[in-house]
Every structure is written in structure tokens, then in C-alpha cells.
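Dear colleague,

I am handing over the structure below, followed by notes on what was found in it. Please read the notes with the coordinates open beside them.

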Amino acid sequence: GLHTADRRRFENMPYLIDTINELDPTFRDPYLLIEALTVFQVNGVAEADVRRARQIIERGVRELPNDAELLSSAGAFIGMIAPSSYLTDPAEQERWTVDGAAYLARASELGDDKKLVGWQALGGYNLLRKTGRHREAVEFLQHALAGTDDEELRKQIKATLDKLAQTDVALEKGEKRKAMAA
């Protein structure tokens with residue numbers, strides 16, 4: 001509270017999290033909280049802080065590789081929040097976006113419909129599509145479809161796949177027309 005009232009940064013937060021992780025590397029709460037504790041600062045956020053938060057989150061993913069919620073959180077931060085809000089280099093933004101999509105894909109494969117991880121993981125599809133990775137985006141949706149029991153989510157994914165198939169057919173017809181005209 002005093003740091004916030006005085007508009008001071010929480011510069012020692014990563015060190016506190018490192019201490020907690022050293023004592024119990026499988027305690028998941030610090031991994032879930034590091035993003036908020038590091039990047040939601042009063043006086044702005046340095047890119048170094050964002051990179052440090054990513055390191056901590058990725059350590060959590062290594063320690064708890066089958067935790068769908070942690071993977072979803074990592075994917076959202078690494079793939080969406082950091083590139084669009086804190087990073088300035090376009091090449092780095094794209095790398096982070098692709099890495100985030102991979103975390104979201106893994107979260108989707110693990111599934112955890114009680115916590116809506118499947119729905120959250122669909123952001124990975126949008127990340128892949130946004131970076132021009134059409135084939136990977138389709139594969140992502142196919143894996144997400146295979147990994148969920150949520151009927152509403154299944155309907156949404158099937159509808160998206162159907163729309164993509166129709167787009168592919170239309171593009172193919174257009175290419176054939178161009179070839180014939182040439």
C-alpha cells in the first residue's frame with residue numbers, strides 16, 4: 001500500500017518471487033501472480049521487467065507442465081498482453097506472439113472445461129492467424145476440438161473450421177480463375 005500511495009515501483013518483486021520459488025518450485029500461485037505484480041505498476045513498466053516476468057512464468061510452466069490454467073495464463077501474457085502493451089520491437093512482438101500461441105495450444109490440449117481454459121485458449125488461434133500462420137491456426141483448432149468436452153465450445157470451433165474451409169475453397173477457385181485467364 002505504501003509503495004502505491006507514494007507512487008513507487010515494486011522493484012524487488014521478482015526477487016521475492018524467486019525466493020518463494022526456490023523454497024517450493026511447485027507452488028503455483030506466484031507463477032500466476034507474477035504478471036500482475038510485475039507489470040501493473042504505478043509508474044509504467046520497463047521492458048526488462050516484462051522479460052523478467054516471462055522468465056518466471058516459463059519457470060512455472062517447466063515446473064508444472066500439465067497445469068492448463070498456468071499454461072493459459074502464460075499464453076495470454078506472452079502472446080497477447082506483453083506484445084501489444086509493453087514490447088516495441090516488431091520482430092520480438094511476433095516471436096512472443098508465436099510462443100504465446102504455443103502455450104495456449106498446450107493449455108487447450110490439456111483442457112480444463114471447469115475453468116474455461118478451452119475458451120481462453122482459443123486466443124491462440126487468433127494469434128496464429130494474426131501472424132499469418134494459417135495452417136498452424138487450423139491445426140490449433142483441430143487439437144482444441146479434440147481436447148474439449150464442452151459442447152458449446154465444440155460448436156464454435158466447428159463453425160470456425162467450416163468458415164475457414166469455405167474461405168479456402170473460394171481462394172482456390174479464385175486462383176484457378178487467375179491461372180485460366182493467364
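The secondary structure of the chain comes to ten helices and zero strands, where helices (H or I, at least four residues) and strands (E, at least two) are DSSP runs numbered from the N terminus. This is a predicted model, in which local features need pLDDT of at least 70 and side-chain atom pairs count only at pLDDT 80 or more, whereas totals for chains, interfaces and linings use all residues. Residues are numbered from 1 along each chain as its sequence is written, and side-chain values use heavy atoms, with hydrogens and water left out.

Of the 182 residues of the chain, 39% count as buried; by the cut-offs used here, buried means under 20% relative accessible area, exposed means over 50%, and partly exposed lies in between, with a 1.4 Å probe and protein chains only. The chain exposes about 10600 Å², of which carbon and sulfur atoms supply 53%, the areas coming from the Shrake-Rupley method with a 1.4 Å probe, and for residues only the protein chains shown count as cover. Among contacts (heavy atoms within 4.5 Å) with a separation of 6 or more, residues 24 or more positions apart account for 61%.

Two helix pairs deserve a description. The axes of α3 (residues 29-39) and α4 (residues 47-63) come within 9 Å and cross at roughly 175 degrees; axes are lines fitted to C-alpha atoms, for helices over the stretch in contact, and angles run from 0 to 180 degrees between N-to-C directions. The two helices α3 and α4 are therefore roughly antiparallel to each other, given that angles over 145 degrees count as roughly antiparallel, under 35 as roughly parallel, 65 to 115 as roughly perpendicular and the rest as oblique. On the α3 side the contact involves Y31, I34, E35, T38 and V39, which meet residues of α4 including V50, A53, I56 and I57. By class, this contact of α3 with α4 has seven nonpolar, two polar and four charged residues, where Ala, Val, Leu, Ile, Met, Phe, Trp, Tyr, Cys and Pro count as nonpolar, Asp, Glu, Lys and Arg as charged, and the others, Gly among them, as polar.

Helices α2 and α3 pack at an angle of about 180 degrees, with their axes 11 Å apart, and are therefore also roughly antiparallel to each other. Here M13, I17, I20 and N21 of α2 make the contact with P30, Y31, I34 and L37 of α3, and the classes are seven nonpolar, one polar and no charged residues.

A nonpolar core is a set of buried Ala, Val, Leu, Ile, Met, Phe, Trp, Tyr and Cys residues joined through side-chain atoms within 4.5 Å. In the largest one, which has 22 residues, I34, V50, F77 and W96 touch the most other members. At least two residues of this core come from each of α2 (13-23), α3, α4, α5 (68-85) and α6 (90-110), and α5 gives the largest share, six residues. Not counting residues up to four places away in sequence, F77 touches several residues, among them V39, V50, I57 and W96. A second, separate core of 17 residues includes Y125, V138, I157 and L161.

Finally, two positions further along the chain. A144 lies in helix α9 and, at 3% relative accessibility, counts as buried; leaving aside neighbours within four places in sequence, A144 is in contact with S108, L122 and I157. G147 lies in the loop between α9 (134-146) and α10 (151-181) and counts as partly exposed at 30% relative accessibility, while the C-alpha atoms of G147 and E109, 38 residues apart along the chain, are separated by 5.1 Å.

With best regards
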